[in-house]
Amino acid sequence: NGQLRLQGRLDANQSDFAQQQLERFPEVDHFDLSQLDYISSAGLGLLVKVHKTLMDSDKRLKLSHLSTSIRDIMRYSGLDQLFEIQG
């Protein structure tokens, strides 16, 4: 359905694996972050990369169920203006 739930940590150790998984599911345009505990700059970079790919199809990356700390990271980095953040 175009949605993927991320969980645990999305950091430099996990971003390569996550990138490989996303290449298997190019229709994903919505990430449920309800179970994501931590995101690093490498994880943010991966989200930006997915967003840029989606923009080629006139879509925008949607993120939902962000924890307070991840929501703060998005706001401080300005990425809350780039992504569509829901709930």
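Strands E1 and E2 pair in the parallel sense over seven bridges, where pairing requires at least two DSSP bridges between two strands. The model is predicted: local features need pLDDT of at least 70, side-chain atom pairs count only at pLDDT 80 or more, and totals for chains, interfaces and linings use all residues. Residues are numbered from 1 along each chain as its sequence is written, and side-chain values use heavy atoms, leaving out hydrogens and water. Helices (H or I, at least four residues) and strands (E, at least two) are DSSP runs numbered from the N terminus.

**Strands and crossover**
- Glycine 8 stands opposite leucine 36 in E2.
- E1, H1 and E2 form a right-handed β-α-β unit; right-handed denotes a clockwise path from the first strand over the helix to the second, with the strands pointing away from the viewer.

**Helix H1**
- In H1 (residues 12-24), Ser15, Ala18, Gln19 and Leu22 are buried, that is, under 20% relative accessible area with a 1.4 Å probe, protein chains only.
- An α-helix has 3.6 residues a turn, so residues three or four places apart point the same way.
- The buried residues of H1 pack against strand E1 (3-10), strand E2 (30-39) and helix H2 (41-55), with contact meaning heavy atoms within 4.5 Å.

Key. Buried means under 20% relative accessible area, exposed over 50%, partly exposed in between (1.4 Å probe, protein chains only).
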